[in-house]
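Student: Please take me closely through a single part of this model. Keep it brisk, and spell out the cut-offs as you go.

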Amino acid sequence: MSQKISWIDNLRAVACLMVIVIHTTTWYITGPTAVTGLSWDVANVLNAASRVCVPLFFMISGYLFFGERSAQGRHLLRIVLCLLFYSAVALAYITWLTPISEGRSLLKLLQKPVFYHLWFFFAIIGIYLLSPLIQVKSVRPRYVVMLVMVLAVIANPNTVSQSLGPFHWLPVNLYVSGDSIYYLLYALLGRAIGCMETQKRGVSWLAGLGFIACVAGIALGTRQLLKINGAFNDTWYLYNGPLVFIAAISLLVLFKNVLNSRPLPLLATVSRYSLPVYGFHALFIHYLRTHHYDDMSRPWLDLPWIFGATLAGSLLLAMLLQRLDKRHLVS
């Protein structure tokens, strides 16, 4: 059990850091007319490599709660309180430090998050509600491979359409659609793969190479669409896209096999505060970017600065919050 906890802690921390990387680099990716050439390419690769972050959070939740142990009322209460608390923090930030209309944010509170990153709390509620009904059985690796190929690639509506003349052959319509289905599938696979024997010879190398290949495919596909459309297109970036799906599975297997002895010191700290870091980080990035504390003309300085300042600021607030929140209801 100690090994399982260790790789989960390491994986959770890396996923949390990847979230910060995504939102740090997005300002480059979505504005190719302002940031071009090598700077855009570097940001694109970093963003592509971090696309697995949210899928990993769903897989971790599935591993923890889709087995003998299921999410309890206190877990669901905690997620709801987190949604309310970090929405209130974001609303205060919007009111005092931005020209954004807080009234419009309140009117749409139950349809969309107050701040963009808080959508995850809405999505994870469904996973927690389903948890008592689900207990994943032990399955063979070849079944998982078949399941991923069919549902995550062949029948995935996010798979890029393929035709042979007038004959349309990808994706195949198996009536599997909607983000929630794929978030649930991530959770199911998180439990199935987490309990699977993956320490066989060559598996770690295969997982590592698979992750690198998927990241290259995501980055190159995004770059190609930029050339074709003249503007950013998120087709390859979607959390439920085929390459992101395979990359997330590959990274989970790699961490399970390689980083399973103990939580690494820095990662252990990030993992301990991952929830409040997630809740606070987007506000730091938005403030630094919109108040001109950045320098996108020098990305080699800007990217580490925004990432480092955001991580440090979020960790400090997280530590303070945990000192006040003795019952860890929102921290």
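**The largest pocket and the helices around it**

Tutor: Helix 1 (2–29), helix 3 (53–65), helix 4 (73–97), helix 6 (119–130), helix 11 (265–272) and helix 12 (274–290) each supply at least two residues of the lining of the largest pocket. Helices are DSSP runs of H or I, at least four residues, and strands are E runs of at least two, numbered from the N terminus. The model is predicted: local features need pLDDT of at least 70, side-chain atom pairs count only at pLDDT 80 or more, and totals for chains, interfaces and linings use all residues. Numbering starts from 1 along each chain as its sequence is written, and side-chain values use heavy atoms, without hydrogens or water.

Helix 4 gives the most to this lining, with 6 residues. The pocket holds about 790 Å³ of space (open points on a 1 Å grid, 1.4 Å probe, protein on both sides within 12 Å along at least five of seven lines; lining residues have an atom within 4 Å of a point; volume is the space filled by the probe spheres). It is lined by 28 residues, and Arg-12, Arg-78, Tyr-128, Ser-274 and Leu-275 are the closest to its centre. By class, the lining has 15 nonpolar, 6 polar and 7 charged residues.

Now helix 11. Its residues Leu-267, Ala-268, Val-270 and Ser-271 are buried (under 20% relative accessible area; exposed is over 50%). Seen down the axis, these buried residues fall within an arc of 165°, so they line one face of helix 11. The arc uses directions from the axis to the C-beta atoms. On the other side of helix 11, Pro-265 and Leu-266 are exposed.

Turn to helix 1, which includes Ile-29. Ile-29 is buried, at 1% relative accessible area. Apart from neighbours within four places in sequence, Ile-29 is in contact with Trp-40, Ala-43, Asn-44, Asn-47, Phe-232 and Tyr-237 (heavy atoms within 4.5 Å). Tyr-183 is 154 residues from Ile-29 along the chain, and their C-alpha atoms are separated by 25 Å.

Last, what follows helix 12. The loop between helix 12 and helix 13 (299–324) contains His-292. Phi of His-292 is near 60°, a positive value in a residue other than glycine. His-292 counts as exposed, with 67% relative accessibility. Tyr-175 also has phi near 60°. Tyr-175 sits in the loop between strand 2 and helix 8, and its relative accessibility is 72%, which counts as exposed.

Definitions and conventions
Ala, Val, Leu, Ile, Met, Phe, Trp, Tyr, Cys and Pro count as nonpolar, Asp, Glu, Lys and Arg as charged, and the others, Gly among them, as polar. Buried means under 20% relative accessible area, exposed over 50%, partly exposed in between (1.4 Å probe, protein chains only).
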